[in-house]
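Reader: I would like a close look at one residue and then at what surrounds it. Please start from the structure shown here.

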Amino acid sequence: METISTDVAIIGAGGAGLRTAIALAEADPKLRIALISKVYPMRSHTCAAEGGAAGVIKPDDSFDLHFDDTVGGGDWLSDQDCVEYFIHEAPKELLQLEHWGCPWNREPDGSVAVRPFGGMKKKRTWFAADKSGFHILHTLFQTSLQFDSITRFDEYYALDLLVDDGRCQGVTAMEMRSGQLRQFHAKAVIIAGGGAGRMFPFSTNGAIKTGDGMAMAYRAGAPLKDMEFVQYHPTGLPNTGSLLTEACRGEGGILLNKNGRRYLQDYGMGPETPVGQPQLKTMELGPRDRVSQAYWHELQKGNTVSTQWGECVMLDMRHLGEKKINERLPLVRELAASYLGVDIVKDPVPIRPVVHYMMGGISTNTQAATPLPGLFAAGECACVSLNGANRLGSNSLVELLVFGRRAALSALEHIQGLPAANTTALNALAEETQQRIRTLFSRTDGTESMSGLRKEMMDTMEKNAGIYRTEEGLQEGVAKIHELRERYGRVILTDRTNVFNTDLFQALELGSMLDCAEAVTVGALARKESRGAHQRLDFPERDDKNYLRHTMVYHQGLDAPRVDYLDVVITKSPPGVRDYSGDHK
Amino acid sequence: MKERLVQLEVLRYNPDTDTTAHFQRYEVSCPEEGVVLDALNKIKETIDPTLNYRWSCHMAVCGSCGMMINGEPKLSCHAFLREYDGVIRVEPLAHFPVERDLVTAPDDFIEKLKRVKPYLIPKAPKPISEGEYLQTPAQLKKYHRFTLCINCMLCYAACPEYGLTPKFIGPAAISLAHRYNLDSRDGGRDARQEVIASKEGVWECTFVGACSEVCPVHVDPASALQQVKIASSIDWIKEHLLPGGGK
């Protein structure tokens with residue numbers, strides 16, 4: 001097996017991975033950086049983020065307000081030292097992107113423009129029309145091209161971390177084009193592999209978001225944190241699940257039930273605000289968890305609209321007018337027209353909540369370090385505890401910048417003065433990966449089909465770990481995922497050839513998703529309270545006495561995982577009431 | 001959701017086992033409002049797991065799923081079944097080497113992208129602490145269209161020049177260089193001219209305009225190439241015909 005020696009290996013080349021790579025290259029031009037990704041960088045799912053990125057820049061805003069919005073939005077499960085660091089770094093990172101050429105929308109005087117976003121008390125979301133993530137990703141990718149010290153390994157599927165002497169020292173990966181296995185020996189590894197939304201059947205997430213990075217760290221002994229917190233975005237297209245950005249509502253779009261009522265006022269987000277005059281942090285600009293939960297209640301009451309794509313509510317943007325829609329929401333208009341045949345200028349568009357984002361992930365501290373020495377993580381795959389129990393829209397694009405850079409700085413510190421690697425030991429570990437793949441590849445007595453297992457997993461997650469959860473449902477979910485993980489050991493490939501074998505990669509991705517699904521269901525069953533995106537019908541209240549803690553799930557092979565807890569860091573904001581009732585009470 | 005039967009004829013090639021490519025016929029039922037990618041996914045899931053292609057976002061922004069559909073370069077997630085009658089022929093993107101089935105090797109494009117220096121080379125560098133470079137909406141508008149390229153390479157598959165002369169830098173890469181040249185914050189045009197105004201650059205383009213026709217996000221690379229040609233001609237006139245090189 002070919003060995004590639006490098007100083008730092010980064011797994012994932014989306015927003016977080018690219019930001020990390022650039023920060024490393026800038027800090028030390030002599031550093032060897034390997035940027036490994038299963039897709040070409042510009043295919044990464046950062047490209048699908050639409051609305052924008054939050055950072056305090058305007059004179060009427062303050063760091064304290066961004067802090068309060070984030071901590072309250074996260075239902076007090078955010079680590080407040082992390083939020084503090086984040087809010088101060090955010091504007092610097094967004095300005096850095098501006099200096100790298102990101103085409104942010106502008107005010108008439110040429111300064112950067114900001115837009116309102118859900119759960120934010122001030123306008124602080126920087127945006128590039130409704131393609132903000134796309135522009136961030138391409139700006140980072142293009143900027144990265146000027147650094148010769150960044151060596152890209154595009155379309156390399158990362159497999160296992162190499163952990164020897166108590167620290168992470170590399171990773172194995174398969175070159176997809178040839179099917180050849182490689183080992184990367186690195187002084188530090190940074191995982192920036194994105195989320196795992198594809199474990200659910202209905203998701204805004206691209207096909208690539210299968211939690212490979214999370215699962216890799218989990219299998220290597222690093223805990224996954226707060227995995228039970230899965231964000232449903234309130235407004236997805238009902239057939240494809242494509243995202244219609246929160247900016248639809250930020251710009252003034254309203255949500256209606258089948259009676260034409262703006263039903264959010266019935267769920268603690270009223271009173272109603274005038275149409276076309278969106279008010280911050282109330283009604284349609286409530287936080288995502290609350291808005292998605294309101295849909296569920298409307299569904300129970302029979303207030304949703306029956307469409308050929310299932311039960312929906314309506315997002316009405318007609319009053320914004322064609323000019324504003326074309327200027328601010330061109331992608332949304334195009335998506336609704338192409339995939340649903342609805343022109344949002346003329347008609348309301350049917351929508352429903354859709355799995356969007358994992359608040360949980362590889363446990364990291366504010367330095368982006370995992371408990372496993374030498375292993376760092378950033379972006380959606382990490383849980384740095386910025387987002388708590390519910391992420392506010394437009395905080396995650398900034399998170400990947402702030403903690404992508406932070407992971408680079410921490411890795412640089414870590415690699416100073418390390419003892420030499422024991423290459424014999426690393427080679428032996430890489431051989432284990434080789435063996436694992438060989439077993440999967442050559443199994444002829446398997447009885448389980450990959451697409452069959454995948455469907456069972458998705459159905460289980462939707463049925464038992466959705467917007468509202470119960471003890472009974474979660475017990476069933478945990479048992480079923482356990483069973484599927486065991487049956488996965490008998491999965492059989494149809495394709496046993498070497499070149500770009502997507503049958504193989506989908507099987508590996510399924511393994512990753514099953515590991516993540518285990519952490520989600522086990523964490524959800526153990527958390528007997530309702531907080532943010534984790535809602536239990538049998539425990540409807542938040543329970544700060546017992547659960548103002550992070551769930552930490554540790555992999556135990558095929559056995560049930562070990563669950564532990566970690567205290568939330570509270571510095572200045574004691575748990576309070578989340579109030580989205582607007583200014584007039 | 002209404003369904004319809006879809007017949008696909010897909011070009012298959014596996015270098016491990018095949019000496020030549022061949023077509024394979026599939027028939028699946030798909031929602032009427034679906035796209036060719038939905039049909040491929042259904043085939044892979046229910047009929048033939050050995051079929052290979054790239055895809056991710058299913059919303060025409062990641063640029064992964066470019067292929068030839070009835071001879072035209074298209075994103076398969078944006079090729080609507082309602083627009084096709086009869087058997088739909090699906091082949092790998094033209095002008096790129098085939099790795100396997102519908103998966104092509106984009107190495108040449110990636111290399112060219114890098115050569116045009118597609119990043120901001122600031123006109124007047126300043127530290128982050130001094131805030132943003134001011135840029136009015138009008139200045140943004142000047143280059144904005146050319147920022148929209150998703151690198152899907154459909155324009156390379158459509159470009160007859162690229163088919164004949166693979167050295168041609170090509171529509172997307174030149175548009176991207178032009179995007180930075182037009183950016184009020186940028187001062188790097190001279191550094192990019194060397195490549196884009198070279199023989200392999202814009203002068204290879206015969207202005208067929210196929211690139212703009214197939215672009216799924218309306219970047220209009222043809223207009224970028226035309227603008228680069230005009231600007232480069234003016235450079236030449238200044239340098240060779242005006243006293244003192246026009247300076």
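Reader: Why does Met461(A) count as buried?

Author: Met461(A) counts as buried because 26 C-beta neighbours lie inside 10 Å. The cut-offs are these: a residue is buried with 20 or more other C-beta atoms within 10 Å of its own, exposed with 12 or fewer, and partly exposed in between, with C-beta atoms placed from the backbone. This is a predicted model; local features need pLDDT of at least 70, side-chain atom pairs count only at pLDDT 80 or more, and totals for chains, interfaces and linings use all residues. Residues are numbered from 1 along each chain as its sequence is written, while chains are lettered from A and ligands numbered from 1 in the order in which they are written.

Met461(A) lies in helix H12, residues 450-464 of chain A. Helices (H or I, at least four residues) and strands (E, at least two) are DSSP runs, numbered from the N terminus. Leaving aside residues up to four places away in sequence, Met461(A) touches Met199(A), Phe200(A) and Ala517(A). Touching means contact: C-beta atoms, placed from the backbone, within 7 Å of each other. Phe200(A) is 261 residues away from Met461(A) along the chain, yet 5.8 Å separate their C-alpha atoms.

Now the domains of chain A. The assignment gives domain 1 (235-354) and domain 2 (424-565); such bounds come from an automatic or database domain assignment. Over C-alpha atoms, the centres of domain 1 and domain 2 of chain A are 32 Å apart. The contact between them takes 5 residues from domain 1 and 5 residues from domain 2 of chain A. Helix H7, residues 288-301 of chain A, gives the most to the domain 1 side, with 4 residues. By class, that side of domain 1 has 2 nonpolar, 2 polar and 1 charged. Here Ala, Val, Leu, Ile, Met, Phe, Trp, Tyr, Cys and Pro count as nonpolar, Asp, Glu, Lys and Arg as charged, and the others, Gly among them, as polar.

Next, a sheet in chain A. It is open, with 4 strands in the order E1-E10-E9-E8 and mixed pairing. Pairing takes at least two DSSP bridges between two strands. Strand E1 (2-5) and strand E8 (156-164) of chain A are the edges, each pairing on one side only. Neighbouring strands of this sheet are turned by 25° against each other on average, direction ignored. For such angles, axes are lines fitted to C-alpha atoms, for helices over the stretch in contact, and angles run from 0 to 180 degrees between N-to-C directions. Strands of a sheet pair through backbone hydrogen bonds, either parallel or antiparallel. Strand E9 (residues 167-175) and strand E10 (residues 180-185) of chain A are antiparallel, over 6 bridges. One bridge joins Ala173(A) to its partner Arg182(A) in E10(A). Helix H11, residues 423-442 of chain A, packs on the sheet and touches E8, E9 and E10 of chain A. The direction of H11 makes about 135° with that of E8(A).

Helix H2 of chain A, residues 63-73, has buried residues too: His66(A), Phe67(A), Asp69(A), Thr70(A), Val71(A), Gly72(A) and Gly73(A). They pack against strand E4 (53-54) and helix H3 (80-99) of chain A. After H2(A) comes Asp75(A), whose phi is positive, near 55°.

H3(A) leads on to the other chain. Between the chains, 47 residues of chain A are in contact with 43 residues of chain B. H3, helix H4 (132-144), helix H9 (330-340) and helix H14 (502-526) of chain A each supply at least two residues of the chain A side. H3(A) gives the most to that side, with 5 residues. The chain A side holds 18 nonpolar, 22 polar and 7 charged residues.

Finally, the partner. Chain B has 247 residues, 50% of them buried. Its secondary structure comes to 9 helices and 7 strands. The C-alpha trace of chain B spans about 70 × 40 × 30 Å along its principal axes. Among contacts in chain B with a separation of 6 or more, 64% join residues 24 or more positions apart. Chain B is divided into domain 1 (3-104) and domain 2 (107-246). Their centres, over C-alpha atoms, are 31 Å apart. In chain B, 13 residues of domain 1 are in contact with 12 residues of domain 2. Strand E3 (66-69) and strand E4 (72-75) of chain B each supply at least two residues of the domain 1 side. E4(B) gives the most there, with 4 residues. That side of domain 1 of chain B divides into 7 nonpolar, 4 polar and 2 charged.

Notes: Two residues are in contact if their C-beta atoms, placed from the backbone, lie within 7 Å.
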